[in-house]
Amino acid sequence: MKPAERAWGRSRWRPPRRALLPLQLLTMADLETPSGGAALLRALQRDGLALLRAPPPLAPAVSRCLAVCRDFFALPAAEKARHGAGPGSGQQHGYMSMLDDGGSECLELKLCHDAAFEWPPRLQRAAAAAVRALLGAARRALEAVAAALGMRRAYVAALLDDAGASVRLEEASHSAARVWCYTRGVRSGWHADNTLLTVAPRGTAVGLRCRLLDGRRASTPRECVYPEKLMEPDQLVVFAGDALSYLSGGRVPALVHEVIPPVCNDHPRLSMPFFLRARRAAVLEPQAASPHITDPRVRSLPPLRVSDLEANVRNVRMSWFWKQDGMGYYDCCEWHPDEK
């Protein structure tokens with residue numbers, strides 16, 4: 001069996017006993033080559049994450065968007081509430097506030113917005129530039145990983161929104177950038193994203209905490225990594241979510257991570273992760289994506305509708321064999337029983 005065909009399960013994988021530094025650093029040019037895609041795949045399988053040096057326009061676009069959003073978050077609550085579109089097709093978008101119980105608020109900037117969404121003044125142009133740059137980086141990283149896995153390129157491309165086509169909201173993806181503003185010392189909780197890939201620029205303060213892929217309960221800094229301590233302004237952290245993990249039959253693990261907000265409320269942490277998701281109407285079929293896979297456990301995985309994965313129907317995201325291998329890596333997840 002080829003290394004890329006190995007499922008991330010108890011019988012196939014043994015956790016590396018080593019420090020997680022330095023992280024793999026790649027460039028967009030690296031992703032244009034088979035060796036660069038293979039290096040990114042190895043990093044996701046070995047470490048759970050990698051760093052990607054983004055094209056020059058990305059860093060200033062993100063910086064500009066964060067600056068405009070900082071002004072928006074400083075507005076009175078009633079003014080900010082005007083820019084929430086309410087619960088849309090599956091997830092709320094626009095402005096959301098969790099200040100009462102979670103100490104955070106955010107703007108979810110979806111690729112496909114409900115008609116009720118009202119853009120905050122000055123934000124639309126800045127957001128569009130940053131989201132466009134992040135989307136391009138995420139799609140290129142996904143293409144590179146899929147190629148390294150031997151997935152059918154046309155199948156993977158068909159999972160994503162067609163930027164030039166008109167699409168109904170209930171069928172479109174929930175791909176979005178979320179501009180988070182953390183103002184209290186309340187942790188987000190350990191979780192794995194439901195994405196294909198998540199890409200994130202460096203936040204305005206260190207806060208992203210990622211578990212080592214060694215099966216241990218991450219309760220001390222020694223057992224996890226803070227990638228923002230290693231990042232430059234023009235770099236992105238890249239990691240997989242449960243959609244790619246399922247589509248690859250467990251060959252790519254979904255990274256378990258959390259966010260630690262700053263202790264001082266006077267200096268909130270702003271961040272802008274981008275979540276690349278498949279269309280909600282699409283169906284994830286590991287065998288269709290990679291017909292060459294011979295592992296019977298992977299071949300027996302049923303088709304899974306993206307909307308069911310995102311809603312975590314019957315807690316499907318904890319039912320997969322690579323999460324039931326007894327190692328305990330996913331035991332600490334707080335977001336799996338109910339999607340948040």
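Are Arg 209 and Glu 258 buried or exposed? Both Arg 209 and Glu 258 are buried, where buried means under 20% relative accessible area, exposed means over 50% and partly exposed lies in between (1.4 Å probe, protein chains only).

Before we go on, a word on the model. It is a predicted one, in which local features need pLDDT of at least 70 and side-chain atom pairs count only at pLDDT 80 or more, while totals for chains, interfaces and linings use all residues. Residues are numbered from 1 along each chain as its sequence is written, and side-chain values use heavy atoms, with hydrogens and water left out.

**Arg 209 and its sheet**

Arg 209 forms a salt bridge with Glu 258, and the closest N and O atoms are 2.9 Å apart. A salt bridge here is a side-chain nitrogen of Lys or Arg within 4 Å of a carboxyl oxygen of Asp or Glu. This pair links distant parts of the chain, with Arg 209 in strand β8 and Glu 258 in strand β11, 49 residues apart. Helices (H or I, at least four residues) and strands (E, at least two) are DSSP runs, numbered from the N terminus.

Strand β8 (residues 208–211) runs antiparallel to β11, and 3 bridges join them; two strands pair if DSSP finds at least two bridges between them. Together, 3 strands form an open sheet in the order β9-β8-β11, with antiparallel pairing. Both β9 (224–225) and β11 (257–259) have a single partner strand and stand at the edges, so one side of each is left without a neighbour in the sheet.

**Strands around β2**

Strand β1 (residues 25–27) pairs with strand β2 (residues 50–53) in the parallel sense over 3 bridges, and Thr 27 stands opposite Arg 53 in β2. From β1 the chain crosses through helix α1 (residues 34–46) to β2 in a right-handed β-α-β crossover. Right-handed means that, with the strands pointing away from the viewer, the path from the first strand over the helix to the second runs clockwise. Strand β10 (residues 235–240) also pairs with β2, in the antiparallel sense over 4 bridges; here Leu 52 stands opposite Leu 236.

**Charged pairs**

The count comes to 16 salt bridges, including these:

| Pair | N to O distance |
|---|---|
| Glu 105 and Lys 80 | 3.0 Å |
| Glu 108 and Lys 110 | 2.3 Å |
| Arg 209 and Glu 258 | 2.9 Å |

Glu 105 lies in strand β5 (residues 104–110) and Lys 80 in helix α3 (residues 77–81), so this pair ties together parts that are 25 residues apart in sequence. Glu 105 counts as buried at 4% relative accessibility, and Lys 80 is buried with a relative accessible area of 5%. Both Glu 108 and Lys 110 are buried too.

**Arg 140 and its partners**

Finally, look at Arg 140 in helix α4 (residues 123–149). Arg 140 counts as buried, at 15% relative accessibility. A network of salt bridges links Glu 32, Arg 140 and Glu 143. Leaving aside residues up to four places away in sequence, Arg 140 touches Met 28, Leu 31 and Glu 32, contact meaning heavy atoms within 4.5 Å.
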